[in-house]
Amino acid sequence: MTIRAWNIALRTAHIGAMGILLGGHAFDVAPERLRLSLGLTVGTGVILALIEAWPSMTWFHQGRGVMTLTKLALLCAVPLAWDFRLPILLTVIVLGSVGSHMPARFRYYSLLR
C-alpha cells in the first residue's frame, strides 16, 4: 500500500471514529462505550500527524501542524475535563475544518521561521 493509500484509509477511519465519539457524547452514551472511539481518534490522528511530518519536521511548527497538535491535545483532555467534553469535541471539529480549508499561506506559515 502506498503512503497516499494509507493516508486516505487512516483519514477515513479518523473521521469515522471522531463522528462516533462526538455523537456518543452528544447523546450521553456511557463512557466505557466511547473509550474505543477516543483511542481510535487519537491513534489515527497521531499516525496521520507522523505521515504529514515525514520526512521533514517543519510540519510541527507550521500552521497545519500546530492546529493538529492542538486537536490531539484537546482530545487527550476529554477524560480529564469530562464535564466539558462536548464543547471540547466541537472545538476539535471546528479546528479540523478550519485547518483543512485555510489558505496555504496560513497552513504552511512557520511559527519559527
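**A tour from surface patch to pocket**

Select Tyr109, Leu111 and Leu112: together they make a nonpolar surface patch of about 380 Å². Nonpolar side chains are joined within 5 Å. Areas come from the Shrake-Rupley method with a 1.4 Å probe.

This is a predicted model, where local features need pLDDT of at least 70 and side-chain atom pairs count only at pLDDT 80 or more, while totals for chains, interfaces and linings use all residues. Residues are numbered from 1 along each chain, and side-chain values use heavy atoms, without hydrogens and water.

Stay on Tyr109. It lies in the segment after α5 (104–107). Helices are DSSP runs (H or I, at least four residues). Tyr109 is partly exposed, at 49% relative accessible area; buried means under 20%, exposed over 50%, and partly exposed in between.

Next, pick Ala49 in helix α2. At 6% relative accessibility, Ala49 is buried.

Now find the largest pocket, with about 610 Å³ of space. Select Arg11, His14, Lys71, Gly96 and Ser100, the closest to its centre of the 25 lining residues. A pocket is an open set of points on a 1 Å grid, with protein on both sides within 12 Å along at least five of seven lines; lining residues have an atom within 4 Å of a point. Color α4: it gives the most to this lining, eight residues.

Notes
On a 1 Å grid over the protein atoms alone, a cavity is a set of points where a 1.4 Å probe fits but cannot get out, and a pocket is an open set with protein on both sides within 12 Å along at least five of seven lines; lining residues have an atom within 4 Å of a point. Grid points are joined across faces, edges and corners, and a volume is the space filled by probe spheres set on the points. Helices (H or I, at least four residues) and strands (E, at least two) are DSSP runs, numbered from the N terminus. Patches are made of residues with over 30% relative accessible area and no salt bridge: like charges are joined within 9 Å, nonpolar side chains (Val, Leu, Ile, Met, Phe, Trp, Tyr) within 5 Å. A salt bridge is a side-chain nitrogen of Lys or Arg within 4 Å of a carboxyl oxygen of Asp or Glu. Buried means under 20% relative accessible area, exposed over 50%, partly exposed in between (1.4 Å probe, protein chains only).
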